[in-house]
Amino acid sequence: MAEFERHEHDVLIVGAGGAGLRAAIEAAAAGASVGLVCKSLLGKAHTVMAEGGVAAALANVDERDSWEVHFADTMRGGQYLNDWRMAELHARESPDRVRELEAWGALMDRTPDGRILQRNFGGHAYPRLAHVGDRTGLEMIRTLQDHGVHQGMDVFMECTVTRLLLEGGRVAGAFAYDRERGRFQVFEAKAVVLATGGIGKAYQITSNSWEYTGDGHALAYHAGAELMDMEFIQFHPTGMVWPPSVRGILVTEGVRGEGGVLRNSEGRRFMFDDIPALYKDQTADSPEEGWRYVVGDRDARRPPELLTRDHVARCIVREVKEGRGSPHGGAFLDIAWISEKIPDAPAHIRRKLPGMYHQFKALADIDITKEPMEVGPTTHYVMGGVRVDADTQMSNVPGLFAAGECAAGLHGANRLGGNSLSDLLVFGKRAGEYAARFASENAAPSLDPEQVAAAERHSLAPFANNGGEGPYQVQEDLQELMQNQVGIVRTEDDLASALEQIEALQERAANVAVTGNREYNPGWHTALDLDCLLTVSEAATRAAIGRTESRGAHSRVDYPAKDPDWGRYNLVLWKDADGNMKSRREPVRELPGRLTRIIEEQG
């Protein structure tokens with residue numbers, strides 16, 4: 001093993017977004033030696049793309065808000081498939097994590113009396129999202145990095161983990177390579193935290209950047225961890241569809257939170273056409289004012305554009321299919337109309353949504369203060385991930401933890417906007433805390449040289465496949481397949497066909513060839529990414545076939561209704577002894593009486 005660069009840490013954290021940084025801070029504060037590996041540069045994490053805000057029941061704008069209301073909203077949004085304990089911990093602890101972030105230097109927008117300002121967001125009963133204009137995720141990353149650098153940790157940038165290493169059933173470290181020079185690195189660790197984000201690059205149109213190839217999901221799965229809820233993939237309703245220079249780029253829900261409305265090609269606000277029965281106790285005095293949202297004792301006027309993301313996305317798809325879509329297959333999102341209501345609206349929009357204004361002006365020559373944006377659903381977030389213990393975030397593999405988007409449980413069938421950032425803070429902290437505790441209670445493992453050698457052979461295989469096809473075509477074919485057949489609307493025939501094609505793509509991927517050497521070789525990087533992309537694509541497709549109903553972000557044309565029986569089960573995937581992906585139904589943990597009463601009280 002002398003030819004490998006070796007590193008030893010108590011806790012190795014894979015991923016340096018909000019969850020990874022928060023885990024690193026907590027583990028280091030507990031006295032653990034911490035290694036932090038990121039696939040790209042430090043600071044370039046998808047957390048930065050979370051623009052709207054952090055969901056936390058601070059009750060600064062509406063005093064009726066509380067952790068109980070937040071908990072009930074999260075469970076309702078997740079169609080009650082959430083892990084109730086994670087939802088409870090998240091709702092209870094989010095306010096403290098936001099205040100902590102502020103104490104570390106985060107600069108939040110303020111109310112007139114100086115408290116943290118909060119805005120409306122889809123699925124939340126009250127204004128709950130603490131924010132910094134439309135750059136909240138960027139401010140979170142800046143704050144965590146600035147605070148974390150003083151905690152003491154080793155950071156390995158532009159480094160990709162390709163295999164987790166095991167000893168006696170527990171995690172022992174990871175095999176990785178330096179993306180710039182292609183040099184292999186071996187990390188020895190008592191505990192590993194996966195915080196690698198989502199799987200968006202398995203799809204053709206996505207808000208996710210190139211790093212989001214499902215690395216954490218695949219690493220955990222191949223190490224023996226279980227995956228859960230992989231059928232639930234959130235398509236954010238408002239990604240840009242035109243012009244091509246901004247295709248797929250997210251238009252934050254904050255645009256709708258600040259008054260943006262959705263119109264079809266006829267100029268009509270179509271979201272009033274389909275308000276779910278769950279929210280049927282509404283009346284609208286005028287379209288501009290919204291509908292009367294009444295659940296239990298909650299009464300707040302809300303625009304229908306702030307219904308849950310899965311519902312808004314399906315409404316846009318409906319308008320397109322019925323011939324009322326925008327010219328490029330979407331709908332029009334208009335924030336400029338508020339000039340009818342607000343003096344000097346352009347300045348107001350630029351102040352509230354500076355990132356949106358400057359980004360689309362620079363990249364697409366669209367002035368959102370004067371004209372609508374053409375938007376449509378874009379692959380944004382996966383609710384499914386590594387199945388973890390709610391309190392500790394440890395998987396069924398001892399010493400292997402997961403947090404953030406690559407962990408399952410909190411969001412159930414559909415995530416509410418803004419819950420992602422508070423998820424990162426709450427469960428990143430918990431993962432780091434319990435990983436450090438695990439490391440302190442267990443001796444350092446020893447690495448198996450044969451595992452390391454096997455990881456090396458696997459990584460170098462594309463150089464030996466002389467005459468094979470290139471990896472880019474396989475990646476493109478997979479993305480097109482997932483977009484067309486495992487997308488926002490699904491059928492049995494499409495899914496079964498997709499599964500057959502994924503199996504064929506796996507055979508092609510095993511024989512892809514790259515040329516040149518290991519330095520500065522993007523073709524090699526793509527070839528190695530294929531393993532992860534194909535694993536998460538198979539998982540999403542198998543889970544979508546298995547769940548024969550429509551619920552949350554999973555919509556089956558051939559099973560359009562919710563099945564009460566399926567409402568009692570999560571779908572769990574694992575790798576059997578022969579290397580095949582298997583699935584089973586796992587009963588959702590029954591809510592304790594105290595939490596059932598909270599949901600009943602909240603309507």
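A pocket is an open set of grid points with protein on both sides within 12 Å along at least five of seven lines, and its lining residues have an atom within 4 Å of a point. The model examined here is predicted.

In this model, the largest pocket holds about 900 Å³ of space. Its lining comprises 39 residues, and those nearest the pocket centre are Arg163, His222, His458, Asp531 and Thr535. Two or more lining residues come from each of β7 (159–167), α5 (215–222), α11 (449–464), α13 (492–509), α14 (522–546) and β20 (581–587). Of the contributing elements, α14 gives the most, with 10 residues. By residue class, the lining of the largest pocket consists of 21 nonpolar, 10 polar and eight charged residues.

The largest nonpolar core contains 91 residues, and the members that touch the most others are Phe71, Val192, Leu194, Met230 and Leu400. The largest share of this core, 11 residues, is supplied by α14. In soluble globular proteins, nonpolar side chains tend to be buried together.

When residues up to four places away in sequence are not counted, Phe71 touches Trp84, Ala87, Glu88 and Ala91, together with Leu591, Leu595, Ile598 and Ile599.

An open sheet is formed by three strands in the order β3-β5-β4, and the pairing is antiparallel. The edge positions are taken by β3 (54–55) and β4 (118–119); each has a single partner strand, so one side of each lacks a neighbour in the sheet. The antiparallel pairing of β4 with β5 (residues 129–130) runs over two bridges. In one of the pairings, Gln118 has Ala130 of β5 as its bridge partner.

Gly152 is located in the loop between α4 (136–148) and β6 (154–156). The relative accessibility of Gly152 is 41%, which lies between the limits of 20% for buried and 50% for exposed residues, so Gly152 counts as partly exposed. Between Gly152 and Thr47 the separation is 105 residues in sequence and 22 Å in space, taken from C-alpha to C-alpha.

Key
Residues numbered from 1 in each chain as written. Predicted model: local features only at pLDDT ≥ 70, side-chain atom pairs only at ≥ 80, totals over all residues. Heavy atoms only, no water. 1 Å grid on protein atoms, 1.4 Å probe; cavity = no way out; pocket = protein on both sides within 12 Å on 5 of 7 lines; lining within 4 Å. Points joined across faces, edges and corners; volume = space filled by probe spheres on them. Helix = DSSP H or I, 4+ residues; strand = E, 2+ residues; numbered from the N terminus. Nonpolar A, V, L, I, M, F, W, Y, C, P; charged D, E, K, R; others polar. Buried < 20%, exposed > 50% of the residue type's maximum accessible area, 1.4 Å probe, protein only. Core = buried A, V, L, I, M, F, W, Y, C linked by side-chain atoms within 4.5 Å. Contact = heavy atoms within 4.5 Å. Pairing = 2+ DSSP bridges.
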